[in-house]
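Work through the exercises below with the sequence and the structure in view. Each task is followed by a solution in steps.

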Amino acid sequence: MNILVAYDGSPYADRALARATGLAGKFSAPLTLFSATPDLCLPSVEFDPEDCEKLAQAYSKEARDMLRKKADELAAGGIAVKTVVETGDPVDKILETAESLGADLIVVGSRGMRGARRFLLGSVSSKVAEYAKCDVLIVK
């Protein structure tokens, strides 16, 4: 079994990681921690190219550092961990990464989007569950 965990540092993501860690330990499965950073260099965003690149690098560094810290904690507990940071839409990048890794399970935290935003955009977890080619565990 190969497990991909979408992680953004939120309490929901912490619960998803805890559940995935338990499964990885139980099945001796490799675990991949994944985070997506926003693409600030889109034509509709009002940043000049130099500022855009600086912001993108800062977001990526922050995400890599966050994942590395969690990976170090898990590795100390005997869980094999790999980290991946991608830039772009979280749903697309989670699905692409899961497919490229041959993930058997994607673990994501549920999020409490409310009102019109959820109606119009949906949640990352529900979109991942809808379009994934493997099983998805949504942790509340």
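**Exercise 1.** In this predicted model, find which residues of helix 1 are buried and where they lie around the helix axis.

Solution. Step 1: the buried residues of helix 1 are Ala13, Ala16, Leu17, Ala20, Thr21 and Ala24. Step 2: viewed down the axis, these buried residues fall within an arc of 140 degrees, so they line one face of the helix. Step 3: the face turned away from the buried side carries the exposed residues Pro11, Ala18 and Lys26. Step 4: the partners against which the buried residues pack are strand 1, strand 2, helix 2, strand 4 and strand 5.

**Exercise 2.** Decide whether Thr32 is buried or exposed.

Solution. Step 1: Thr32 is located in strand 2. Step 2: its relative accessibility is 4%. Step 3: buried means under 20%, so Thr32 counts as buried. Step 4: its contacts beyond four places in sequence include Ile3, Val5 and Val84.

**Exercise 3.** Determine which element gives the largest share of the largest nonpolar core.

Solution. Step 1: this core has 18 residues, and Val5 and Leu17 are among those with the most contacts inside it. Step 2: the largest share, five residues, comes from helix 1. Step 3: Val5 touches Ala16, Leu17 and Ala20, among others.

Notes. Residues numbered from 1 in each chain as written. Predicted model: local features only at pLDDT ≥ 70, side-chain atom pairs only at ≥ 80, totals over all residues. Heavy atoms only, no water. Buried < 20%, exposed > 50% of the residue type's maximum accessible area, 1.4 Å probe, protein only. Helix = DSSP H or I, 4+ residues; strand = E, 2+ residues; numbered from the N terminus. Arc of directions from axis to C-beta. Contact = heavy atoms within 4.5 Å. Core = buried A, V, L, I, M, F, W, Y, C linked by side-chain atoms within 4.5 Å.
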